[in-house]
Amino acid sequence: MKKVIASSVLATSVLLPQHLLVNDSPIAYAASNSSLILDEIQQIADTTQKIGEYAANMRSGATTSYKVVATIPAGTSVKVLSAFTNAEKEVWFNVEYIGKKGWVTSELFELNTTAGQSGVVISDSKPIANTAVKAASTSSGISYEGTTQRIGENAANMRSGATTSYKVVATIPAGTSLKVLSAFTNAEKEVWFNVEYNGKKGWVTSELFELNSTVGQSGVVISDSKPIANTAVKAASTSSGISYEGTKQRIGKNAANMRSGATTSYKVVATIPAGTSLKVLSAFTNAQNEVWFNVEYNGKKGWVTSELFVLNATVGETATSMKVVQQTTVHKGATKSYAVVSTVKPGTTLVIHQEFTNAFKEKWVQVTYATGKKGWMLASAFEESSIADKVVSKTSTVHSGATKDYKTVATIQVGTKLSIHQEFTNAFKEKWYQVSYAVGKKGWIPADAFETVSTVPENPTPETPATNADVVAENNSLKVSVPVANMRSGPGISFDVVTQSRQNDLFESTQYAADEKSEKWYKVNTTSGDAWLHQSVVSIVDSVEETPIVTPGAGEKGTIKRANALLYANSNYNSAVLQGLAKNTSFTVINKLVATDGTTWLQINAGGKEGWIPDFEVNEDIPTKYGTKTATVYNGASATAKKVDTIYLSTPVRVLRSLNGWLNIETQSEKRGWIQASMLSDISPIQLTNGRTEVRNGQNYLVWSKPSKFDITYSTPSANVLRIFGNLSDINEIKSSVTGVKSMKVEKVSGGTSVLLITFDPNYTYTIRDYDKELTIKVVQKGLAGKKIILDAGHGAKDPGAVGPKGTREKDVVLATAKALKAELEAAGAEVVLTRSTDVFLELKQRTDIANKSDYDAFISIHADALNASSKGTTTYYNATVNFNGPRSLTLAKSIQSDLVKAIGTYNRGVKEQVFYVNRMNELPSVLVELAFISNPTEEAQLASAAFQKKAAEGIRKGLENYFQQ
């Protein structure tokens with residue numbers, strides 16, 4: 001079920017601002033999912049409506065991200081051609097003005113009602129008609145703030161946040177009366193009330209209250225227009241706005257509405273022209289986490305959202321600017337379930353206003369992504385170079401300088417991991433570290449706040465595969481005989497690839513081991529540590545000196561191969577630099593020698609100038625390494641040197657030389673500088689390595705190892721074809737054949753990334769899984785036989801789910817249907833697991849854990865829907881925005897929906913994408929099926945019928961059969 005009756009399936013959201021522009025604000029429209037209201041909105045089509053008291057932007061599309069094609073003066077009457085509700089649930093009207101057609105948000109109209117319309121609230125104060133609207137129709141629920149409301153006939157869970165994904169902090173008995181402290185509309189358009197019970201504060205969905213409405217016009221609940229109290233804000237931070245109190249700030253490029261209270265539901269008391277400077281009297285953060293400023297204009301006081309100001313930094317708080325290091329999306333709120341409002345490219349510098357950790361423990365920051373526009377993006381998108389990471393072992397204060405006499409800027413709790421930028425010993429011989437205590441904010445903390453001076457390891461040491469190989473001591477000089485050779489962590493292909501070597505690379509080996517095929521693996525030493533080379537990729541030579549370094553000899557001519565080469569006075573790096581040599585500069589060799597550090601130097605004459613260059617300036621083939629994370633390139637081998645460039649995860653660089661744990665490199669943009677050796681790897685962390693075939697639990701698998709944790713994407717461009725991609729630098733082809741796979745091919749695409757195309761035999765299909773350390777593809781015959789299915793009956797025990805008019809409980813109906821479906825599937829040869837087979841309660845995470853820890857092929861969650869007595873039909877939901885298996889989930893949803901409605905004869909409400917937890921957090925192809933509406937008396941009777949349950953089971957089974965035939 002969903003919406004009106006509270007459901008544990010609802011998606012996680014957070015209390016975050018959804019900022020509005022004055023002349024493009026979205027409609028306050030909580031009930032926009034109701035088909036009744038949408039139908040009534042459509043009745044505005046073909047009527048003439050008048051623009052309100054402010055000029056309106058007409059845009060080329062139905063969101064504020066589209067360009068303005070005309071500005072319609074206030075009071076202008078225009079014909080509404082059609083109406084449209086966009087992805088943000090904003091209602092926009094298509095109109096014609098001065099010969100142009102475009103879109104205007106409906107909130108900017110003074111709407112006239114049409115014949116036959118029932119009451120619909122379109123804006124914050126203007127009812128379209130006069131039929132009483134239920135309390136939940138107000139988008140913010142603000143009319144209930146300060147009132148006392150009573151819990152209905154069922155006990156209510158009070159939660160720590162305003163969705164059912166937050167933990168329960170108390171259970172409030174039925175009939176309890178509570179004061180509503182504030183109200184909030186979450187991303188699902190559900191209205192939740194903040195209340196206090198037994199000394200605890202928390203959130204309860206408004207649907208569980210017997211609401212007494214405050215009657216305004218014709219029964220419509222509206223705001224009482226009381227200004228919000230000037231609440232004292234204690235936190236001295238940008239997020240509360242208090243740091244701006246007493247300062248003068250300027251309105252931006254658009255005129256600003258000044259309202260009687262600190263939300264857009266309060267009435268406009270004045271309009272302040274663009275560019276006006278005003279003194280901020282006080283600041284307030286409302287229930288939507290929007291910061292509003294109390295100001296005075298033309299003798300009137302009121303509230304203006306801070307988003308409409310061009311804010312200057314205040315005393316004690318400088319504006320934080322940081323550079324983006326990886327392409328990322330900007331969202332309306334601080335989870336990826338919010339709408340994308342912009343995309344930011346690497347290298348872009350953005351101003352950060354505040355940070356927020358959401359319910360998924362993800363750190364997000366609010367940024368200005370365009371003039372006057374703010375949004376939220378993941379903090380991980382920003383550059384944050386550091387020399388180490390450390391964990392705080394005792395609660396400590398962060399100061400603005402490296403003694404406790406400096407101002408305290410933050411308090412850090414035990415267990416917090418901090419990035420260390422530099423260390424400093426003050427005049428009192430105390431060691432202090434400079435740390436990032438918030439995104440873009442640095443301060444100083446005493447060294448004794450940490451457990452040890454060691455860094456926190458990025459990844460735990462992986463388990464080593466077992467080997468029975470005997471190690472034999474034998475000295476051999478080896479030369480790599482293939483273009484690229486994988487070097488593994490142990491003597492066998494089951495071991496991970498730790499690095500790679502190139503043709504003609506030379507190694508000394510002191511040991512070898514024979515594998516189960518009696519083939520030799522040679523142990524060698526590399527810059528990444530010990531590694532093993534198979535006998536087929538090397539040849540044994542007399543000594544490594546057998547193949548000398550190929551560089552021009554005396555009298556030979558050559559050209560400079562590197563950018564920014566330097567000509568030295570003598571054959572060492574400490575000698576004077578005579579001049580720079582451009583790439584492709586011609587020279588003649590005078591002499592050659594090898595220095596004590598192993599560097600080969602060439603004495604040359606270039607354009608009449610004589611001097612010395614290291615041989616890497618003339619060698620085409622020099623080592624390539626890859627970035628393991630975002631890291632700074634300096635102009636010297638020190639973190640205090642000047643920054644010259646930045647590299648990112650998997651960025652390839654050419655290594656020129658090493659010095660005391662630092663590497664001198666040339667970047668892709670041909671900039672030269674120094675980077676810590678630990679920031680580079682011999683192999684790209686974003687690639688699929690060690691491609692192989694395996695048999696797991698009696699089934700055939702294609703398996704690749706992942707050197708690091710990264711996301712992979714796939715698509716199905718045609719029947720029986722799977723395309724795998726995702727900024728992959730390389731994909732190791734699997735040469736051995738597997739039954740059911742017709743062909744595999746790795747292709748290079750634009751940007752140099754690799755794509756894998758797998759074509760399956762017509763009678764075979766697959767299940768693909770993306771794990772942290774490997775990618776697997778299970779290759780299976782088509783059909784339901786042998787497939788592994790997880791069935792999830794929603795709700796259970798203390799959570800009855802929705803309850804029908806005659807008392808039928810959702811939890812009972814869906815469990816009976818799941819059991820019937822299990823019997824159907826097992827009869828067809830499938831293997832089935834029920835998340836619950838009795839009346840027990842499972843948390844949402846427990847349900848997805850069963851799926852994510854399995855090697856199963858599909859996950860089906862079964863529910864009954866609920867809204868009102870006239871609602872009807874069947875819906876199947878899937879998720880593709882978060883779920884890796886989104887493409888397969890969509891295919892599964894379409895197949896089940898089609899066969900299910902045929903079997904049970906219900907109204908087809910279609911396939912829809914949602915962010916329900918059991919789909920979103922699932923790694924399997926997964927769907928959530930709403931069988932029918934238990935709130936509808938007719939469908940309630942059907943749901944309670946064993947015959948109907950069996951038909952539903954037959955329909956879902958048929959849908960699964962068709963899915964596994966695709």
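This note walks through a few features of a predicted model, point by point.

1. **The overall picture.** The protein chain holds seven helices and 72 strands. Of its 966 residues, 50% are buried. If you look at contacts between residues at least 6 apart in sequence, 62% of them join residues at least 24 apart.

2. Helix H2 covers residues 810–827, which is 18 residues. From its first C-alpha to its last, H2 reaches 26 Å, close to the 26 Å expected at 1.5 Å a residue.

3. **What H2 rests against.** Which residues of H2 are buried? They are Glu-810, Lys-811, Val-813, Val-814, Leu-815, Thr-817, Ala-818, Leu-821, Glu-824 and Leu-825. These buried residues pack against both strands and helices: strand E67 (788–793), strand E68 (831–834), strand E69 (858–865) and strand E72 (926–933), together with helix H6 (937–943) and helix H7 (946–963).

4. **H2 against H7.** Two packed helices are described by the angle between their axes and the distance between the axes. For H2 and H7, the angle is about 50° and the axes are 8 Å apart. Angles from 65 to 115 degrees would count as roughly perpendicular and those under 35 as roughly parallel; H2 and H7 are therefore oblique to each other. H2 passes H7 in a right-handed crossing. On the H2 side the contact is made by Val-813, Ala-816, Thr-817, Ala-820, Leu-821, Glu-824 and Leu-825, and on the H7 side the residues include Gln-949, Ala-953, Ile-956 and Leu-960.

5. **H4 against H7.** H7 also meets helix H4 (residues 886–904): their axes come within 7 Å and cross at roughly 140°. That angle makes H4 oblique to H7. The crossing of H4 and H7 is right-handed. Among the H4 residues in this contact are Leu-892, Ile-896, Leu-900 and Ile-904, while H7 contributes residues including Phe-948, Ala-952, Ile-956 and Tyr-963.

6. **A four-stranded sheet.** Moving on to strands, there is an open sheet with the order E60-E61-E64-E63 and antiparallel pairing. Which strands stand at its edges? Strand E60 (713–715) and strand E63 (741–748) do, each with a single partner strand, so one side of each is left without a neighbour in the sheet. On average, neighbouring strands here are turned by 20° against each other, direction ignored. Strand E61 (residues 721–728) and strand E64 (residues 754–760) pair in the antiparallel sense over five bridges.

7. **A three-stranded sheet.** Another open sheet has three strands in the order E21-E18-E25, again with antiparallel pairing. Strand E21 (277–279) and strand E25 (309–310) are at the edges; each has a single partner strand, so one side of each lacks a neighbour in the sheet. Strand E18 (residues 248–251) is joined to E25 by two bridges, and the two run antiparallel. Here Arg-250 stands opposite Val-310 in E25.

8. **Strand E1 and its partners.** Strand E1 (residues 48–51) pairs with strand E4 (residues 77–85) in the antiparallel sense over three bridges. In this pair, Lys-50 stands opposite Ser-77. E1 is also joined by two bridges to strand E7 (residues 109–110), running antiparallel to it, with Ile-51 opposite Phe-109.

9. **A buried lysine.** Lys-706 sits in the loop between strand E59 (699–705) and E60. Is Lys-706 buried or exposed? Its relative accessible area is 6%, and the cut-off for buried is under 20%, so Lys-706 counts as buried. Leaving aside neighbours within four places in sequence, Lys-706 is in contact with Gln-687, Leu-688, Ile-712, Asp-770, Tyr-771, Asp-772, Lys-773, Glu-774 and Leu-775.

10. Asn-690 has a phi near 50°, a positive value in a residue other than glycine. Asn-690 lies in strand E58 (residues 687–696) and, at 2% relative accessibility, counts as buried. Asn-697 likewise has a positive phi, near 50°. Asn-697 is found in the loop between E58 and E59, and its relative accessibility of 63% makes it exposed.

Methods:
Residues are numbered from 1 along each chain as its sequence is written. This is a predicted model: local features need pLDDT of at least 70, side-chain atom pairs count only at pLDDT 80 or more; totals for chains, interfaces and linings use all residues. Side-chain values use heavy atoms; hydrogens and water are left out. The expected span of a helix is 1.5 Å times one less than its number of residues. Buried means under 20% relative accessible area, exposed over 50%, partly exposed in between (1.4 Å probe, protein chains only). Contact means heavy atoms within 4.5 Å. Two strands pair if DSSP finds at least two bridges between them. Axes are lines fitted to C-alpha atoms, for helices over the stretch in contact, and angles run from 0 to 180 degrees between N-to-C directions. Angles under 35 degrees count as roughly parallel, over 145 as roughly antiparallel, 65 to 115 as roughly perpendicular and the rest as oblique. A crossing is left-handed if the near helix is turned anticlockwise from the far one by less than a right angle, and right-handed if clockwise.
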